[in-house]
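Trainee: I'd like to learn how to read a few features off a model like this one. Can we take them one by one?

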Amino acid sequence: MGVVVNLEGGKRSAASIDGLIDLTKDDMGRVNELILSKAGSDVELIPELARHLISSGGKRLRPMVTLAAAQMFGYAGEGHVKLATSVEFMHTATLLHDDVVDESDMRRGRKTARMIWGNQASVLVGDFLLGQAFRMMVDVGSLDALDILSAAASVIAEGEVMQLGVAKNLETTEDEYLAVIKAKTAALFSAAAEVGPVIAEASRNDRAALRSFGANLGLAFQLVDDALDYGGNSSDLGKNIGDDFREGKVTLPVILSYRRGSEEERGFWKCAIEENECDDAALEKAIGLMNKHGAIGDTIGRARHFGEIARDALAPLKATPQKAALFDVIDFCISRVT
């Protein structure tokens with residue numbers, strides 16, 4: 001069942017990232033070749049499973065951000081291609097692990113790898129991709145870039161464990177939830193943006209600007225996903241509508257609805273989230289309560305807030321086509337729900 005709700009007065013056509021795609025097209029061609037090469041193995045299951053996920057869609061936004069950020073500061077080498085590929089492998093490995101932890105059946109309209117090959121294979125192939133990512137980081141020869149991406153890998157794992165700690169816990173606060181998504185989602189966006197100026201030997205201020213841009217873009221991106229789970233369509237989200245609800249995830253729209261609700265409404269949330277009473281009728285009621293208390297709209301408002309911080313982080317940098325394209329990425333992320 002796909003429940004589509006009106007998110008803030010109807011959905012406009014999405015902002016475009018065509019500028020980013022055009023600027024990174026040649027480099028992304030090399031990234032795609034490297035992805036296929038580094039996903040290869042004599043162990044037949046590894047390339048088979050990796051190809052399933054790599055070919056399942058997605059805009060590859062994170063590696064494009066890495067490439068554009070390197071271009072912005074005049075980088076002329078080949079290291080940004082390997083780092084962008086490393087970023088994509090880290091993201092892909094995270095998806096494989098996430099689907100196992102969340103027991104997800106579908107991703108981007110296709111069966112998840114765990115549904116086809118099992119949980120063990122998904123986890124182990126995810127580990128293989130992480131290993132390949134780190135080998136490419138070492139090949140680049142930048143200790144700073146290696147430090148940034150390896151630190152991000154640790155933070156992402158911490159975020160996954162933190163998410164287990166708040167799973168089905170309706171007493172989770174907004175601050176606690178933001179800490180989870182800062183680790184789980186924003187850390188990789190931040191690292192993807194920062195390694196570009198690092199290998200271009202840009203200034204500390206430039207590095208800090210891209211790091212802040214990426215972190216706040218990641219927060220905005222995840223909050224938009226949270227809102228889309230209760231409205232929109234599967235192509236926007238990359239998974240089935242209502243999956244977070246059915247998996248008992250306590251995301252920001254749930255947190256706000258629970259805290260603003262009556263005693264009776266909080267009882268509903270406890271049944272739905274804590275006791276897994278989350279059928280289609282419960283999903284419709286959940287969406288109704290979110291609309292009643294403005295939870296979806298306020299989640300989108302939080303996303304816009306972080307989007308503006310990302311925009312302000314880039315503002316002092318000199319005007320370049322890459323800077324304009326990264327501004328467009330912010331608008332694109334927010335436009336998915338407006």
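Mentor: Let's begin with burial: a residue is buried under 20% relative accessible area, exposed over 50%, and partly exposed in between (1.4 Å probe, protein chains only). M162, at 33% relative accessibility, is therefore partly exposed. Before we go on, some ground rules: this is a predicted model, where local features need pLDDT of at least 70, side-chain atom pairs count only at pLDDT 80 or more, and totals for chains, interfaces and linings use all residues. Residues are numbered from 1 along each chain as its sequence is written, and side-chain values use heavy atoms, with hydrogens and water left out.

Trainee: Where does M162 sit, and which residues does M162 touch?

Mentor: M162 is in helix α7; helices here are DSSP runs (H or I, at least four residues; strands are E, at least two), numbered from the N terminus. Contact means heavy atoms within 4.5 Å. Leaving aside residues up to four places away in sequence, M162 touches A179, V180 and A183. As for distance, M162 and D22 are 140 residues apart in sequence and 37 Å apart in space, C-alpha to C-alpha.

Trainee: Next, salt bridges. How many does a search of the whole structure find?

Mentor: The idea is a side-chain nitrogen of Lys or Arg within 4 Å of a carboxyl oxygen of Asp or Glu. Over the whole structure, the search finds 18 salt bridges. One of them joins the side chains of E88 and R60, at 3.6 Å, N to O. E88 lies in helix α4 (residues 79–102) and R60 in the loop between α2 (45–54) and α3 (61–72), so this pair ties together parts that are 28 residues apart in sequence.

Trainee: Are E88 and R60 buried or exposed?

Mentor: E88 has 10% relative accessibility and so counts as buried. R60 is buried too, with a relative accessible area of 17%. Now take R207 and D144: their salt bridge has its closest N and O atoms 3.5 Å apart. That pair links distant parts of the chain, with R207 in helix α9 (residues 204–228) and D144 in helix α7, 63 residues apart. D144 is partly exposed, because its relative accessibility is 42%.

Trainee: What about R260: which residue does R260 form a salt bridge with?

Mentor: With D298, the closest N and O atoms being 2.7 Å apart. R260 lies in helix α12 (residues 252–260) and D298 in helix α15 (residues 295–314), so the pair ties together parts that are 38 residues apart in sequence. R260 is partly exposed at 34% relative accessible area, and D298 is partly exposed at 28%. Salt bridges can also share partners, and here they join D144, E194, R207 and R211 into one network.

Trainee: How many residues of α12 are buried?

Mentor: Seven of its nine, which leaves α12 mostly covered. The buried residues in α12 are L252, P253, V254, I255, L256, S257 and Y258. Their cover includes α8, α9, α13, α14 and α15.

Trainee: Where is N276 found, and what is its phi?

Mentor: N276 lies in the loop between α13 (263–274) and α14 (280–292). N276 is not a glycine, yet has a positive phi of about 60°. At 47% relative accessibility, N276 counts as partly exposed.
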